[in-house]
Amino acid sequence: MAAEKVKAYFREYGMEEKIQEFDRSSATVELAAKALHCEPQRIAKTLSFMLENEVVLIVAAGDVKIDNQKYKAKFGKKAKMLPLDKVETLVGHAAGGVCPFAVNEGVKVYLDISLKRFVTVFPACGSGNSAIELTIPEMEKYSGYTEWVDVCKGY
């Protein structure tokens, strides 16, 4: 169902045909990179956090991890990922297909600067077997992001 919401979202922009669906899982960075035949770091993974009473998504390159000190400096709280059983209800997409498109109202999206290393990246599209290739300006446009952040390490 979430994948259909994302398809409908991109249909509004004439971008639905760019969504790729696979006959195998792309629910992890490694699986997505294999399905897309690209480097794992170009997978734009979407991490979901609870910040006070709001849900925050951080879209980051596939080769990075959250830097707890940077996260706390930016958001004023320790990074607390959403429990897997709450992700779909709070975000609108199940774990493995979480993306910054067609999310629940009130969910804030942040793009991590680790993505800026690439011309194009591959975020999921609401299911554990889908992705879309987007330029960084397209990520900005379609994600409805709040701002760019620097909260990751490892690149």
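**Exercise 1. Determine where L47 lies and whether it is buried or exposed.**

Solution. L47 belongs to strand β2, residues 43-51; strands are DSSP runs of E with at least two residues, helices are runs of H or I with at least four, and both are numbered from the N terminus. The model is predicted, so local features need pLDDT of at least 70 and side-chain atom pairs count only at pLDDT 80 or more, while totals for chains, interfaces and linings use all residues. Residues are numbered from 1 along each chain as its sequence is written, and side-chain values use heavy atoms, with hydrogens and water left out.

Next, the relative accessible area of L47 is 16%, so L47 is buried (buried means under 20%, exposed over 50%, partly exposed in between, with a 1.4 Å probe and protein chains only). Leaving aside neighbours within four places in sequence, L47 is in contact with V56, L57, I58, I66 and M81, where contact means heavy atoms within 4.5 Å.

**Exercise 2. Find which polar partners S114 has.**

Solution. S114 is located in the loop between β5 and β6, and its relative accessible area of 0% makes it buried. A polar atom of its side chain lies 3.1 Å from the backbone nitrogen of A61. The side chains of S114 and D112 are joined by a polar contact of 2.8 Å (a pair of N or O atoms within 3.5 Å; within protein, one must be able to donate a hydrogen and the other to accept it, and residues adjacent in sequence count only if both atoms are side-chain atoms).

**Exercise 3. Classify the ring pair of Y9 and Y13.**

Solution. Rings of Phe, Tyr and Trp (its six-membered ring) pair if their centres lie within 6.5 Å; planes under 30 degrees apart count as stacked, over 60 as edge-to-face and the rest as tilted. The count comes to 10 aromatic pairs. For Y9 and Y13 the centres are 5.4 Å apart and the planes at 65°, so this pair is edge-to-face.
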